[in-house]
Amino acid sequence: MPGRAPERAKTLDGELERWLGSIVLPPSRDTAAQLRTYLQKQNADMGNKNNVHGIFKTERSQDIVSITLGPTFDKGPTESHFYLESGSRLSFGINLRESNRRCSLLAYRFQLTLPEGAYPSFYRFDLNAKAHETPLFEPRCHFHPGVDEVRLPCPALTPFEVLDRIFLVIEPQLTMLAG
């Protein structure tokens, strides 16, 4: 029944909240180091064309830790993006809450912008900081398949799982199509 869609969307967001509670990451320092190492390995495999140490940032405000790579909102190519072999560029922002030497995932935004002329023009994985009042149209965790207004619900992935999808699933397909 289409009339029950908003109710089903709220149920799905509720299940996501429970799932998020079970995601535990190492201390922020370790999580950041592991993410940086992941990106350095990918960069080395591509011939070291990105300055990972220069574009990877961490910031702390009390118990909230932000980890960023490039601009939060992609408005065009910059030196702070991470460039992939396909010509795509990656940027992300992650917010964690640290407590008792463990981190919980609060929010993230990973954007992979494809090369000029590619369709779709981008892929984005979002975990909003809190549930929206209309989860049918704005699920807490969602995927944008190249259209800002289209938000498809998806499971809450760890930052490493999102990077796996970008580097090991999406990027090889883009490289294959381009080559």
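Guide: Contact means heavy atoms within 4.5 Å. Helices (H or I, at least four residues) and strands (E, at least two) are DSSP runs, numbered from the N terminus. What covers the buried residues of α1 includes β5 (102–113), β6 (122–127) and β7 (141–144).

Visitor: What are these values based on?
Guide: This is a predicted model: local features need pLDDT of at least 70, side-chain atom pairs count only at 80 or more, and totals for chains, interfaces and linings use all residues. Residues are numbered from 1 along each chain as its sequence is written, and side-chain values use heavy atoms, without hydrogens or water.

Visitor: Which residues of α1 are called buried?
Guide: Buried means under 20% relative accessible area, exposed over 50%, partly exposed in between (1.4 Å probe, protein chains only). A5, A9, D13, L16 and L20 of α1 are buried.

Visitor: What puts them on the same side of α1?
Guide: Their arc around the axis is only 80°, so they share a side of α1. The arc is taken from the directions from the helix axis to the C-beta atoms. K10, R18 and G21 are exposed on the face turned away.

Visitor: How do you know that the span of α2 agrees with expectation?
Guide: The expected span is 1.5 Å times one less than the number of residues. For the 18 residues of α2 (28–45) that gives 26 Å, and the end C-alpha atoms are 26 Å apart, so the two agree.

Visitor: Why are β1 and β2 called paired?
Guide: Pairing needs at least two DSSP bridges between two strands. Six bridges join β1 (56–61) to β2 (64–69), so they pair, running antiparallel.
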